[in-house]
Amino acid sequence: MTNIIEVEGVSKSYGGVVANHKVSMEVPVGRITGLIGPNGSGKTTLFNSVVGYQPIDEGSIKFKGQEISKMNVQQIARLGLLRTFQQTRIYGNMNGVQNMLISVSHRNAAFLDMFKPYPAEMKDKAEHLLEFVGLYQKRKLSAGDLSFGQQKLLEFAMALMNDPEVLLLDEPTAGINPTLINGLLDRLHRANTEFGITLFVIEHNMRVVMNLADNIYCLAHGELLAHGTPDEIQNDQRVIDAYLGAH
Amino acid sequence: MSSNTKPVLLYGGILLIGIFLPLALPAFQTQISVMWMMVTFALTWDILGGRMGYNSFGNIVFFGVGMYAAASVQHELYFDIGQFEVISDQFNLQLTPDKYLFGLGLGMIIGAVICVALAWVLGSGILRLRGHYFAICTLGLGVAVGELAGTIDYIGAGSGMAAPVFPSAMGSAGLFYSYFFFILVVASFFSLKWLYSTRFGLAINAIRDDEDKAEAMGVHTLRHKTVAWTISAFFLGITGGLFGNMTGFIEPLEVAFPTITFGIFMVAMALLGGKGTLWGPVLGAILFHIIKETTWTYFLGWQWIALGVIIIVNVVFFQQGIMGYLEDKYPHWFGVEVEESNAIDDQAKEATQ
């Protein structure tokens, strides 16, 4: 099994606060990897470091064997490593289809491509993916008028539109109506199996992450606490203590 | 009325206005020229201000640079600058029509090219700033360039420079410039209309709505922002070249780089008409210009107060502007159709049953 993301000894501090301390983990290609940990344990910090949102203090981050820790957000995104945000981010004044079209990958965009129109097959793909997440009927509404849960689904569809190789999802089910979570879980699985996208998911909902992930990393106080299959993690006393506040 | 005849009527009507208005009102030809210029101002300001969410108070730089560049080219072509300085009082910048037109055309082209290059260089740096920082930086830029132009002897420094005199053999200068400015409006309007329909249009909208998200999705944000500014600069450079020739005399602070008049007007006009809409800047500029000229003529002394009131009413009660208000209220006029359905809610119901 090859690893598509390799994080090695990554540390990141904000002033005196150590958010990540010598964290190492691997995301195997084609699988779903979970990342859990109590609030403030450094999960989002790690995501931000991986996608180039902030420089890291030390360590190495590799994507498909290529060092990416010195690259900026856009360069990394164009390599095919994409993230969604904890606080959902969509383009509020644009409608659903426009949100999808602008999310088409800019991986091979030549300078003059910006003056081209969108071909019909891209519009079809946009509508198909909106259908996939259940937003087809809302496609002509301003994205800003959608409910929070719908915006989350739209953001997920936008990420799929980009054809990423790896998708980093920061709490995909947070704020979503519990009745919709099963539908979303199903779509995440299908994104993995049908579209072949490797997923790396931060999730607080234990039921979700245990159902979703093949292997799980647990962070606490910025350090790697445990790694294993969902069963191993569920029964790991250190993880239980971390969540109950014994640390 | 079918949907095909509406645009024909609209564009045809505007074309007729463009052709016959200066003929019908010969005394107002300069005012009509300036009105069309205002439309170009608002349209080009809206590229960044309305579509991309970058409020620039420094677009006037390109207007002035285009103006000086065109006039300098015209001088270099046909006049000996040394002679010009010695006998400037009696010196008459008379040219034959073909020389005048060639000089004007070449001057505007070179001016536009210089403006594009300048916007590219400035933009690559300044457009890394966001929000208030970008706005204040461009404001400083506009003021600084005006002061700087006043120190360059080659362009007449603080005392300014004259543009060649419009050849009398070519008839009415007012008519010539009102048509020329109208053509410029048509050219910029349709260029922008096309541009907003391409990927570029969506990309700058995305930058306006959430630039961090656009970056995270791999959009070449700086590239799009810089190109947007160069397009603005291109049309403003040409506009400047024309205006300098129409006015006949170029002076750094009042004519070429007037930040507190034209520089602010272009913002106010786009806001009045509705920023981020296609017709808003056009409508806003025409209305603003008519109101401005009316108050200047009939309420002299109160004209700035009247303009201030318009701007305040606009930003307090009417932030989306005229076209923005209409788009909100009558979306179907603008081809926005919404299929209301509750697919998500239906799924939610199914899931709970």
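In chain B of this predicted model, residues 24 or more positions apart account for 80% of the contacts with a separation of 6 or more. Chain B holds 16 helices and two strands. Of its 353 residues, 45% count as buried. The C-alpha trace of chain B spans about 95 × 45 × 40 Å along its principal axes. A compact globule of 353 residues would have a radius of gyration near 20 Å, and the 22 Å of chain B therefore agrees.

Next, a helix pair. Helix α2 (residues 29-52) of chain B packs against helix α13 (residues 280-298) of chain B. The angle is about 140 degrees, and the axes lie 8 Å apart. Angles over 145 degrees would count as roughly antiparallel; α2(B) and α13(B) are therefore oblique to each other. The crossing of α2(B) past α13(B) is right-handed. On α2(B), the contact includes V34(B), M38(B), F41(B) and D46(B). On α13(B), it includes P281(B), I286(B), F288(B) and E293(B). The residues of this contact divide into twelve nonpolar, three polar and two charged.

Then the partner chain. Here 32 residues of chain B are in contact with 36 residues of chain A.

The residues of the side of chain B that touches chain A divide into 14 nonpolar, ten polar and eight charged.

Definitions and conventions
Residues numbered from 1 in each chain as written. Chains lettered and ligands numbered in written order. Predicted model: local features only at pLDDT ≥ 70, side-chain atom pairs only at ≥ 80, totals over all residues. Axes fitted to C-alpha atoms, helices over the stretch in contact; angles between N-to-C directions. Helix = DSSP H or I, 4+ residues; strand = E, 2+ residues; numbered from the N terminus. Parallel < 35°, antiparallel > 145°, perpendicular 65-115°, else oblique. Left-handed = near helix turned anticlockwise from the far one by under 90°. Contact = placed C-beta atoms within 7 Å. Nonpolar A, V, L, I, M, F, W, Y, C, P; charged D, E, K, R; others polar. Rg over C-alpha atoms; globule rule 2.2 N^0.38 Å. Buried ≥ 20, exposed ≤ 12 C-beta atoms within 10 Å, placed from the backbone.
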